[in-house]
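Student: Could you take one part of this model and walk me through it closely? I'd like to see how it sits among its neighbours.

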Amino acid sequence: QNDLFKKLVAHCKEYGFIYQSSEIYDGLSAVYDYGPYGVELKNNLKDYWWKSMVQMHDNIVGLDSAIFMHPKTWKASGHVDAFNDPLIDNKDSKRRFRADVLIEEHMEKIEGKIDKEITKARKRFGDDFDEAMYRETNPRVSGYVKELSEIEARLGAAMSNSDLADLKQMIEDLDITDPDTGSRNWTEVRQFNLMFSTQLGNIAGAEGKLYLRPETAQGIFVNFLNVQKTTRQKLPFGIAQIGKAFRNEIVARQFIFRMREFEQMEMQYFIKPGEQMKWYEYWKETRLKWHLALGTPKEMLRFHDHGENLAHYADAAADIQFNFPFGFKELEGIHSRTDFDLGAHQELSGKKLQFFDPETKESYVPYVLETSIGCDRMFLATMSQALQEETVTGANGKESTREVLKLHPALSPIKCAILPLKRNDERLVNMARDIFNNLRLSFNVQYDDTGSIGKLYRRQDAIGTPFCVTVDFEALDDQTVTLRDRDTLEQERVHVDQLEEIIRKRVDM
Ligand code: ATP
């Protein structure tokens, strides 16, 4: 499982899906950049969500609200007072927790060094590179690996014995300084709000204190009446939004699972009070179907009911969990938020946030049913089930392994690659270029002549391209090309005029 996860992280980097932010400066912890294929996949995920939410529902409309909001927003939502890490309860456990975080961050740095060495070596040795072997035999890397496992063992022992003295000793031995205080003395731990703050213009002090939004939902709540009036919606209706959110997560590990800057796809459904259980069940089911429609096997998903353990704003909540390489974890939340948010904003702003029901001639604060999914977590879930290693038998009968991303074709960054059999034959190149120029009007396609066909196929498999078209000499005579299917590896001869239709059938949702 751990190996699978490491492989996934390495694959994301090697094939231009995800890079660590500011890598040349040794990276910024829990912040990531999406590379050329990553951004395509992520956009496709967002597109699929947007279409199924906004385009396919008469009564759901979109919104793109600003990241900065009036500071009172976060007072009303409860984030200023309640958005602290709940693990921190008493002084000793605070200290233990802080020490654990510092040591884990130190370990992350060592892991970063190992990754750097591995990436360099992979580049140097190419296809023959054996990572496991290199970890054991390269003196520098094996040194880091040993150091890591020693720290891990010692940390594990100290944490399970609640041994503060040993943790303190470890911090000294490892020469760790607390980035927050600049000292090695971590006896005073501040209560830690998860919101990032900044200052508005030159207004000093609390007056000008702005927060980077920790969720997109509040932008929807404060616009509830604007949207309802301008789109003349009746209840129930929904507002959907995709956008960045920021949380200063204390323990931010596991790649893009827990980031400090991430993206959410949220939908707030405004309903009549009393109808929340009906809509709660409806959206649980609807959202599960959305995941299944992408081809995610049922057994990889499950509901986790929050039971009595509810956030301050909710009267019912469930997560859709996905079986990540490190186990079942939250991918999406479905929350019955009652009238908590609209009620709180109404009170603090002094403005009515009510719906006037023309049938009953009553005004009331609607209840809200929320579906909230992290775009990056969805990306991770998608990649982790798509990445597969297969043994294939070549035309010469030789067995080899291929890394293939079995993405749903609708999500694939590139829908079809067009490859001339020989790059130094002008006629093949021209014909391939023509096909490429024609198909690019409909799909994101790629022309590539930078290697042997076998190599080019392998590269397209690794980025999840469902189709490859090869232009050979026969094509010059009869206008037929070889169409190769990523999953079945079947190759069929098709006329160039058929390509668009064949591809469209597979890549449309
Ligand atoms: P967790 O319990 O994992 O911290 P949460 O319950 O705080 O998540 P919500 O506040 O319900 O999460 O946010 C909705 C969704 O946003 C989550 O289901 C998740 O997909 C995503 N999300 C939340 N925090 C992060 C993060 N730090 N990095 C990436 N995605 C996140």
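Tutor: Let's go with strand β7, residues 261-271, which is mostly covered: ten of its eleven residues are buried. Keep in mind that we're looking at a predicted model.

So who are the neighbours? On one side there's strand β6, residues 237-246, which pairs with β7 in the antiparallel sense over ten bridges. Strand β13, residues 367-374, is another partner of β7, again antiparallel, with eight bridges. In β7, Tyr 269 stands opposite Gly 238, and its bridge partner in β13 is Leu 369.

Now bring in the ligand. There are 16 residues around the ligand, and the closest are Phe 262, Gly 333, Ser 372, Gly 374 and Arg 377. β7 is one of the elements that give two or more residues to that shell, along with β10 (327-338), β13 and α13 (375-386). The biggest share comes from β10, which puts in four residues.

Zooming out, the domain assignment of the chain gives domain 1 as 2-22 + 29-66 + 214-383, domain 2 as 91-188 and domain 3 as 395-507. As for spacing, the C-alpha centres of domain 2 and domain 3 are 44 Å apart.

Terms used:
Residues are numbered from 1 along each chain as its sequence is written. This is a predicted model: local features need pLDDT of at least 70, side-chain atom pairs count only at pLDDT 80 or more; totals for chains, interfaces and linings use all residues. A residue is buried if 20 or more other C-beta atoms lie within 10 Å of its own, exposed if 12 or fewer, and partly exposed in between; C-beta atoms are placed from the backbone. Two strands pair if DSSP finds at least two bridges between them. Domain bounds come from an automatic or database domain assignment. A residue is near a molecule or strand if its C-beta atom, placed from the backbone, lies within 6 Å of it.
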